[in-house]
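Here is a short tour of one structure, for a reader who likes to check each place on the model. Please keep the sequence and the coordinates open as you read.

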Amino acid sequence: MTAKNAAQAAYITGMRPQDILMPVAAGLCCKPGGFHIDPVRPVERAVITHGHSDHARPGHGAVLATQETLDMMRLRYGEHFARSTQAIGYGEQIRLGDVSVKFHPAGHVLGSAQIAVSCQDICIVASGDYKDAPDPTCAPFEVVPCDVFITEATFGLPVFRHGRAADEVKKLLASVALFPERAHLVGAYSLGKAQRVIALLRAAGYDAPIYLHGAMEKITRYYQSRGVALGDLRMVKGMKKADLAGTITLAPPSATSDVWTRRFPDPVTAFASGWMRVRARARQRGVELPLVISDHADWDGLTATIEATGAGEIWVTHGQEDALVHWCTARGLAARPLDLVGYGDEDEGDAVPASEDEEA
Ligand SMILES: [Zn+2]
């Protein structure tokens, strides 16, 4: 039997998960389907989990993603971000080459999806970034039973327990009540986190206008256009300093530590991020009011989700892989770190490209 025939025979008699999805330099490659998931380099056909810039990059041939993810890419990169696009809804299944692909909500940001790839009798779920905590701005995370579950591990250490985001927002409101003469400046990533904080403020009964840094306008207006209720939003630009006393402003994290803050009266600097659990990080950034609000699952969320999928094999990627791999193996699950490069946490690194960071 030639090597080629042997490969064909293996293909007919049954595939291994690694024959379906495999990490390569461009990202997670599905050879039998002829596509890459969240490729970090330009590819012929990309299937994309969500709109954050480390997952959704411009320059691909064909892009398959939810309508919201495609719209966010268009907002960020312009009309010609890909040669062609195809929108897919949650629960919808399509055939690509020898595999079928189905999208399920990931609960991470608006339009975010887990991608279930099925071939013969194997189902692999690439969950992208996800969280199982409630978020009024996007569809709730759905557990998808599968054979192999690919999980992120941004907060893959037992020390990370986020708590309730609603309680963190109460802290913010208590501070606003305590310091009516000061402005509150909340650093929050522009795609997802900012809108979630606003929605949480509204859910807590805060109905005053909320102010936005210019870099947040487009994406926040987009959320509103998709029916996410965010109340009265106004731009900071053009406001008098004195009139910002007692108000709340959302800004990209990098803006809360630069000269831009001088337009606010004695600002209280807050930062909404899962990393705020680590006091040293808050201190390092000069954050006066750390708010532990994350769009990623915490340790309990990660482990509960892994169990709930019923998967016998877990591939762990971007973040703290080791502890989670160890946790899985101790429970008799096959687990391994996936060597994928080019993904980060949106709260770390520079949150917005320099061009978007300028107030517009
Ligand atoms: Zn993300």
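Along the chain, the donors of the zinc ion are spaced as H-x1-H-x55-H-x20-D. The model is a predicted one, in which local features need pLDDT of at least 70 and side-chain atom pairs count only at pLDDT 80 or more, while totals for chains, interfaces and linings use all residues. Numbering starts from 1 along each chain as its sequence is written, and side-chain values use heavy atoms, with hydrogens and water left out.

The protein donors themselves are His50 through NE2, His52 through ND1, His108 through NE2 and Asp129 through OD, at 2.2 to 2.3 Å from the zinc ion. Donors here are N, O and S atoms within 2.8 Å of the metal (3.2 Å for Na, K and Ca), and since water is not among the atoms, sites may look incomplete. What geometry does the site of the zinc ion have? The site is irregular, with angles of 90 to 165° among the four donor atoms. For that term, four donors count as tetrahedral if all angles lie between 85 and 135 degrees; four count as square planar and six as octahedral if opposite donors are over 155 degrees apart and all others between 65 and 115; anything else is irregular.

The table below gathers some accessibility values. Buried means under 20% relative accessible area, exposed over 50%, and partly exposed in between (1.4 Å probe, protein chains only).

| Residue | Relative accessible area | Class |
|---|---|---|
| His50 | 0% | buried |
| His52 | 1% | buried |
| Thr305 | 4% | buried |
| Thr269 | 12% | buried |
| Gln120 | 44% | partly exposed |
| Ala177 | 61% | exposed |

Next come the helices. Helices (H or I, at least four residues) and strands (E, at least two) are DSSP runs, numbered from the N terminus. Helix α4 (residues 165-178) packs against helix α5 (residues 193-203) at an angle of about 75°, and their axes are 10 Å apart. That makes α4 roughly perpendicular to α5, a label for angles of 65 to 115 degrees. The axes are lines fitted to C-alpha atoms, for helices over the stretch in contact, with angles running from 0 to 180 degrees between N-to-C directions.

On the α4 side, Ala165, Ala166, Val169, Leu172 and Leu173 meet Arg196, Leu200 and Leu201 of α5, where contact means heavy atoms within 4.5 Å. The residues of this contact divide into seven nonpolar, no polar and one charged. Ala177 also has its place in α4; its C-alpha is 7.9 Å from that of Gly246, although 69 residues separate Ala177 and Gly246 in sequence.

Helix α8 (residues 299-309) holds Thr305. Leaving aside residues up to four places away in sequence, Thr305 touches Tyr130, Asp132, Phe141 and Phe149. The buried residues of α8 are Trp299, Gly301, Leu302, Thr303, Thr305, Ile306 and Thr309, and their cover includes β11 (148-153), β18 (313-319) and α9 (321-330). After α8 comes Gly310, with a positive phi near 75°.

Gln120 sits in the loop between β9 (113-119) and β10 (122-126), and Asp266 in the loop between β15 (248-251) and β16. Strand β16 (residues 268-272) contains Thr269.

Definitions and conventions:
Parallel < 35°, antiparallel > 145°, perpendicular 65-115°, else oblique. Nonpolar A, V, L, I, M, F, W, Y, C, P; charged D, E, K, R; others polar.
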